[in-house]
Amino acid sequence: MDPDCTPVGATCTVDSQCQYRACASQGDKRFCSRGCSAPEQCPASMYCSGTNRVCLLRPRLGEDCDDTLPCGEGLCVLEPAGNRVCRATCANSAGCPPDQ
């Protein structure tokens with residue numbers, strides 16, 4: 001690990017920018033990652049992929065989610081169209097962000 005480089009979860013373009021020398025791709029996003037064998041090895045905004053054994057991004061508000069991939073924040077909600085999306089939690093409708 002190189003503490004002077006970009007931390008896990010931050011945006012990157014090449015491996016050499018990252019603390020653990022791993023710039024991963026997930027959809028259209030590129031970010032610094034690291035190998036993992038347990039969830040606690042990844043930041044809270046990420047999860048340890050059982051398939052690849054690397055830290056990957058949790059879905060953000062408005063992004064697709066499912067029971068095996070919990071949201072980074074908010075709740076995974078079943079939409080009327082049948083898909084599941086991360087939505088903000090709020091005490092009442094006045095406290096919710098638009099479209100959440």
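**Cysteine pairs and burial**

Q: Is C55 buried or exposed in this structure?
A: This is a predicted model, in which local features need pLDDT of at least 70 and side-chain atom pairs count only at pLDDT 80 or more, while totals for chains, interfaces and linings use all residues. Residues are numbered from 1 along each chain as its sequence is written, and side-chain values use heavy atoms, with hydrogens and water left out. Burial means under 20% relative accessible area, with exposed over 50% and partly exposed in between (1.4 Å probe, protein chains only). C55 has a relative accessibility of 0%, and therefore it counts as buried.

Q: What is the handedness of the disulfide between C42 and C55?
A: A disulfide (a pair of cysteine sulfur atoms within 2.5 Å) joins these residues, with an S to S distance of 2.1 Å. Because the torsion about the S-S bond of C42 and C55 is about -85°, the disulfide is left-handed.

Q: Which strand holds C55?
A: C42 and C55 are joined through their sulfurs. The pair links distant parts of the chain, 13 residues apart, with C42 in the loop between β2 and β3 and C55 in strand β4. Here strands (E, at least two residues) and helices (H or I, at least four) are DSSP runs, numbered from the N terminus. By that numbering, the strand holding C55 is β4.

Q: What is the torsion about the S-S bond of C36 and C48?
A: C36 and C48 form a disulfide, their sulfur atoms being 2.1 Å apart. The pair links distant parts of the chain, 12 residues apart, from C36 in the loop between β2 (29-32) and β3 (46-48) to C48 in strand β3. Both C36 and C48 are buried. Their link is right-handed, with a torsion about the S-S bond of 100°.

Q: What is the relative accessibility of C76?
A: C65 and C76 form a disulfide with sulfur atoms 2.0 Å apart. This pair also links distant parts of the chain, 11 residues apart, with C65 in the loop between β4 and β5 (75-78) and C76 in strand β5. C65 is buried, with a relative accessible area of 8%. C76 counts as partly exposed because its relative accessibility is 22%.

Q: How many disulfides does the rule give?
A: One of them joins C42 to C55, and another is formed by C65 and C76. By the sulfur distance rule, the count of disulfides comes to six.
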